[in-house]
Amino acid sequence: MAIGSNYGAFMEKFVLQPHSSSHDLPLSGLTFAIKDIFDVAGYVTGFGNPDWARTHPASESTAPAVSAILRGGATCNGKTVMDEMAYSINGENKHYGTPINPCAPDRVPGGSSSGSAVVVGGDLADFSLGTDTGGSVRVPASYCGIFGFRPSHGVISTSGVIPMAQSFDTVGWFARNPAILNRVGRVLLQLSNMSPVGPTQLIIADDCFQLSSIPSNRVKQVLVDSVEKLFGGHVIKHANLGDVVKDKVPSLNCFLDKGNAGQEYNIPSLAALSSAMRLLQRYEFKNNHGEWVSTVRPDLGPGIAERVWEAVRTTDENVDVCHSVKTELRVALTDLLGDFGVLAIPTVPGAPPKLQTDPTTLETFRARAFSLLSIAGVSGFCQVSIPLGLHDDLPVSVSLLAKHGSDGLLLNLVETLYDTLKEQVGNLGLLTRL
């Protein structure tokens, strides 16, 4: 594999032609790649691990999400590297190599949809498909300086996609610009071209921005100025999301870590939310793959092996409570945002970590990351990660969330907002190179 030419992003290169050669199709002339978690007829779906590939036959049919894109007129140019069994947000794979982050080559690309993000960031395809369970589209999008969209849970078919944890699994996608992001979304979500609707409110979660090592005043100011310019200052609101979650999601009480108060800055209710998400994720992963893991005993990389075996050993204790947390959080955030409200948070708590960082030193970063990622994960809301250029030569992003089913609103908003965001970044001189 010539890494210099493809950043080590592809597992396998092949061509799937669009289902029609018509130039009128919404994705006509565009190329895309897919994560090695999607079935393609005649190809083995490798799930990021050679033992998985060795013990599974070639797929008999193609995943509906992939078929929808081919019907939309795009051409597929191959399958991309992913983290083993989709169980990491780092992007490092000991078997197939770690795709090179085009934006920061000495840093991880983010996982588990690592190759799909790198393909787009490296200009090897116009867009790509990934999956997002705990953050596997949003994190690599942020790390690679591109757009990443996690749709509302359940609105795009995950048939023909190897499950990780069905309560959270979504088919997501990456693009370098918001127009293509929107076009892909309209095909996958089967949306008509509706006129953009301005947000009734943009709520900035001030406490969430304190989780980030990037100076929050810079990122927030770019967003505030852009929204004020387009929609008026009355739209901007501020909230401490941790307080909302603490007050409105009583089932979280059993996940609150009472001994956490003295640690580095965290938001206890969001840390509890993350604990609930990861518990249910472990339990569902075990139900999906525990028997295979116990029988085959696959060779797994550092960090991933520990997580997989922890999942295999997990019990059903508190699993019912996790489902109550999901229901309560969705109601609480729906009430907070209303029909056309949008929530702003950092996508991740800082710059992408360096390659081969010791897993123990990553723990605080991972904990903060999952506090942020669990908001959309547990509520089932849609979320978009928007690149905002570089800070200290490393990519910076911001995320917008909208209520379940508001994917079209969010896609239109990003496309409407992005030119003004770029303008404000330039005006303020707060971040460099969008």
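A cavity here is a set of points, on a 1 Å grid over the protein atoms alone, where a 1.4 Å probe fits but cannot get out, and its lining residues have an atom within 4 Å of a point. Volumes are the space filled by probe spheres set on the points, with grid points joined across faces, edges and corners. The model is predicted, so local features need pLDDT of at least 70, side-chain atom pairs count only at pLDDT 80 or more, and totals for chains, interfaces and linings use all residues. Residues are numbered from 1 along each chain as its sequence is written, and side-chain values use heavy atoms, leaving out hydrogens and water.

Two cavities of 30 Å³ or more turn up. The largest holds about 100 Å³ of space, and its lining includes S142, F209, V219 and P346. Both α8 (216-231) and β11 (394-402) give two or more residues to this lining, with β11 supplying the largest share, three residues. Helices (H or I, at least four residues) and strands (E, at least two) are DSSP runs, numbered from the N terminus. The lining splits into seven nonpolar, five polar and no charged residues.

As for α8, its 16 residues reach 22 Å from first C-alpha to last, close to the 22 Å expected at 1.5 Å a residue. Buried residues (under 20% relative accessible area, 1.4 Å probe, protein chains only) in α8 include V219, K220 and D225. Just past the helix, G232 takes a positive phi of about 100 degrees.

The second largest cavity has about 30 Å³ of space, and V245, K246, V249, L252, N253, L256 and S269 line it.

Terms used: On a 1 Å grid over the protein atoms alone, a cavity is a set of points where a 1.4 Å probe fits but cannot get out, and a pocket is an open set with protein on both sides within 12 Å along at least five of seven lines; lining residues have an atom within 4 Å of a point. Ala, Val, Leu, Ile, Met, Phe, Trp, Tyr, Cys and Pro count as nonpolar, Asp, Glu, Lys and Arg as charged, and the others, Gly among them, as polar. The expected span of a helix is 1.5 Å times one less than its number of residues. Buried means under 20% relative accessible area, exposed over 50%, partly exposed in between (1.4 Å probe, protein chains only).
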